[in-house]
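Me: I would like to learn how to read a structure feature by feature. Please take one point at a time and tie each to the case at hand.

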Amino acid sequence: MRFIDKEIQPKQLSPLNLAFVGDCVYEMLVRETLVCNANRPVNDLHRESVKFVSAKAQTEAFHKIKDILTEEETAQFKRGRNAKVGHSPKSATDAEYHTATGVEALFGYLYLNDNLERIKELFRIINE
């Protein structure tokens, strides 16, 4: 279920547009997971969420799912990973930042294709 009922062709979007949406999707998954696991102060939740949404953490997440991605999912990941981002990260290597962008692009692509079951499956594996 997407929030907006407008037809869109995710393959036609730039990989950075997909990553823009995917960043939010991934963050929402992390936040919902944390809230469902414990009712705690927002500052604690924020501090905990940062551990999961950093470039380093998303790079580790990719290594957990890379072998089960379909050909199409791998292609979308690579589009995001290879996108020219225009800046260098402070808290991660360039490789980690590009991998994280690829993960976000993948999640954005899946979301815009209304493939929530696959998003949940991949995120479940990441959290194992």
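Me: In which helix is Glu-96 found?

Reply: The model is a predicted one. Glu-96 is found in helix 5.

Me: Is Glu-96 buried or exposed?

Reply: Burial is read from relative accessible area, and buried means under 20%. Glu-96 has 17% relative accessibility, so the residue counts as buried.

Me: Which residues is Glu-96 in contact with, leaving aside its neighbours within four places in sequence?

Reply: With those neighbours left aside, the contacts of Glu-96 are Ala-55, Lys-56 and Thr-59. Ala-55 lies in helix 3, which covers residues 55-65.

Me: What does the list look like from the side of Ala-55, again leaving aside neighbours within four places in sequence?

Reply: Ala-55 is in contact with Ala-92, Glu-96, Tyr-97 and Ala-100. The relative accessibility of Ala-55 is 14%, and the residue counts as buried. A C-alpha distance can be read beside the contact list.

Me: How should I read separation in sequence against separation in space?

Reply: Gln-9 and Leu-112 are 103 residues apart in sequence and 8.0 Å apart in space, C-alpha to C-alpha. Leu-45 and Lys-6 are 39 residues apart along the chain, and their C-alpha atoms are separated by 33 Å. Gln-9 lies in the segment before helix 1 (15-37) and is partly exposed, with a relative accessible area of 47%.

Me: Where does Leu-45 lie, and is Leu-45 buried or exposed?

Reply: Leu-45 lies in helix 2, residues 42-53. Leu-45 is buried, at a relative accessible area of 16%. Apart from residues up to four places away in sequence, Leu-45 touches Leu-34, Val-35, Ala-38 and Arg-40.

Me: What is there to notice about the phi of Asp-114?

Reply: Phi of Asp-114 is near 60°, a positive value in a residue other than glycine. Asp-114 is found in the loop between helix 5 (94-112) and helix 6 (116-126). Asp-114 counts as partly exposed, at 44% relative accessibility.

Me: How many disulfides does the structure hold?

Reply: A disulfide is a covalent bond between the sulfur atoms of two cysteines. The structure holds 0 disulfides. Cys-24 is in no disulfide, and the nearest cysteine sulfur, that of Cys-36, is 16 Å away. Cys-36 is likewise in no disulfide, its nearest cysteine sulfur being that of Cys-24, 16 Å away. The cut-off for a pair of cysteine sulfur atoms is 2.5 Å. As for accessibility, Cys-24 is exposed at 52%, and Cys-36 is exposed at 60%.

Me: Now the whole chain. How many helices and strands does the protein chain have?

Reply: The count is 6 helices and 0 strands. Along the sequence the pattern is α-α-α-α-α-α.

Me: Which totals describe burial, contacts, surface and charge?

Reply: For burial, 39% of the 128 residues count as buried. For contacts with a separation of 6 or more, residues 24 or more positions apart account for 71%.

Technical notes: Residues are numbered from 1 along each chain as its sequence is written. This is a predicted model: local features need pLDDT of at least 70, side-chain atom pairs count only at pLDDT 80 or more; totals for chains, interfaces and linings use all residues. Side-chain values use heavy atoms; hydrogens and water are left out. Buried means under 20% relative accessible area, exposed over 50%, partly exposed in between (1.4 Å probe, protein chains only). Helices (H or I, at least four residues) and strands (E, at least two) are DSSP runs, numbered from the N terminus. Contact means heavy atoms within 4.5 Å.
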